[in-house]
Amino acid sequence: MEKTLLINCSPKKKLSVSGFIMRCAGLMIRGEKEYLCLRTPADRERILQAMVTSGKVVFVLPLYVDGVPSHVLSFLKEAEAFCGEKGLRMKVYAIANNGFIEGRQNEPLMQVMENFCARSGLEWCGGVGIGGGVMLNVERIMMPVMFGLTLVNMLLNAVQGLNVLEPVWSFGISVGELLLLCCGIIFFTARLAAHIGRGTNAGKRYTRVMLPSFVFILFADIFFTIISVFQGGIFRGWFSRPKPDDDCGIIVAKDHQ
Ligand SMILES: Cc1cc2nc3c(=O)[nH]c(=O)nc-3n(C[C@H](O)[C@H](O)[C@H](O)COP(=O)(O)O)c2cc1C
């Protein structure tokens, strides 16, 4: 069976949603697998060499400014020339995730990947676009914390002579809620993994974290307000005047002369 190469295309060193999705998808894909990261130009050569020995490649990417992150774009340009030179013909899949709740926002990214395949002589086999990717990070941090708290509660209940299994029941409910929130993501990732295993075309599918949009926006607003307070102050920039040597100011002023 041909090897499947999975590439985490997030530039983040830690806690990348793409890395998490890549590992989960990898668990569902049958056969031999290789996992690599594309963060810096230094990673490119290793990935290109791994492509030579792979029958299928899965790009797992974040959506940046409605498209492919720039460091991936420059890699694709290099890969296009490399694949043409070596006459590679592997099958290409993509799993994209984005911050907004609508998974369909990944459509332009999917089109870039499809065009890359057409230009490189590779076989585009579709992918999955996942909305609300940030929530997956929240969930994967929360779950081990809640598991730990469950163990502590069980211990405390045992000491106090209370029902030891009660915290397990609460934890079970939380896991159930998580599975419900992620049911679309799990289903479409498993479906894609089955296609990758068979080497067939999966088409493009879009899914999301199963939260109503207004709830997601509320939580996102709270989350980013807290982040903004911790990373420089909530009013940073709001009342500051543009600096005299600000590039934008100079260019605009010149243009209007
Ligand atoms: C520079 C930058 C640009 C982004 N642009 C978009 C965007 O256009 N639309 C969107 O829905 N999310 C956008 N996001 C959010 C990311 O897609 C989202 O946080 C994703 O889960 C990051 O995945 P990662 O952890 O694997 O890098 C952007 C994030 C960054 C840092």
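**Note on helix packing and ligand contacts**

1. Helix H5 (residues 133-160) and helix H6 (residues 166-181) pack with their axes 8 Å apart, at an angle of about 170°. H5 is therefore roughly antiparallel to H6 (angles over 145 degrees count as roughly antiparallel, under 35 as roughly parallel, 65 to 115 as roughly perpendicular and the rest as oblique). Axes are lines fitted to C-alpha atoms, for helices over the stretch in contact, and angles run from 0 to 180 degrees between N-to-C directions. Helices are DSSP runs (H or I, at least four residues), numbered from the N terminus.

2. This is a predicted model, in which local features need pLDDT of at least 70 and side-chain atom pairs count only at pLDDT 80 or more, while totals for chains, interfaces and linings use all residues. Residues are numbered from 1 along each chain as its sequence is written, and side-chain values use heavy atoms, with hydrogens and water left out.

3. On the H5 side, the contact with H6 (heavy atoms within 4.5 Å) includes Met143, Met146, Phe147 and Met154; from H6 it includes Pro167, Val168, Phe171 and Leu178. Its residues divide into 11 nonpolar, four polar and two charged (Ala, Val, Leu, Ile, Met, Phe, Trp, Tyr, Cys and Pro count as nonpolar, Asp, Glu, Lys and Arg as charged, and the others, Gly among them, as polar).

4. H5 also packs with helix H1 (residues 17-28), at an angle of about 75° and with the axes 9 Å apart. H1 and H5 are therefore roughly perpendicular to each other. H1 contributes Val17, Phe20 and Ile21 to this contact, and H5 contributes Gly133, Leu136, Asn137 and Arg140. By class, there are four nonpolar, two polar and one charged residues.

5. Helix H2 (residues 44-52) and helix H3 (residues 70-86) have their axes 11 Å apart and pack at an angle of about 45°. That makes H2 oblique to H3. Residues making the contact include Ile47, Leu48 and Met51 of H2, and Phe75, Ala79 and Phe82 of H3. The contact of H2 with H3 has seven nonpolar, three polar and two charged residues.

6. Around the ligand there are 15 residues, of which Ser10, Lys12, Ser18, Leu63 and Asn97 come nearest (a residue is near if one of its heavy atoms lies within 4 Å).

7. For the side chain of Asn98, the distance from an N or O atom to an oxygen atom of the ligand is 3.1 Å.

Terms used. Helices (H or I, at least four residues) and strands (E, at least two) are DSSP runs, numbered from the N terminus. A polar contact is a pair of N or O atoms within 3.5 Å; within protein, one must be able to donate a hydrogen and the other to accept it, and residues adjacent in sequence count only if both atoms are side-chain atoms.
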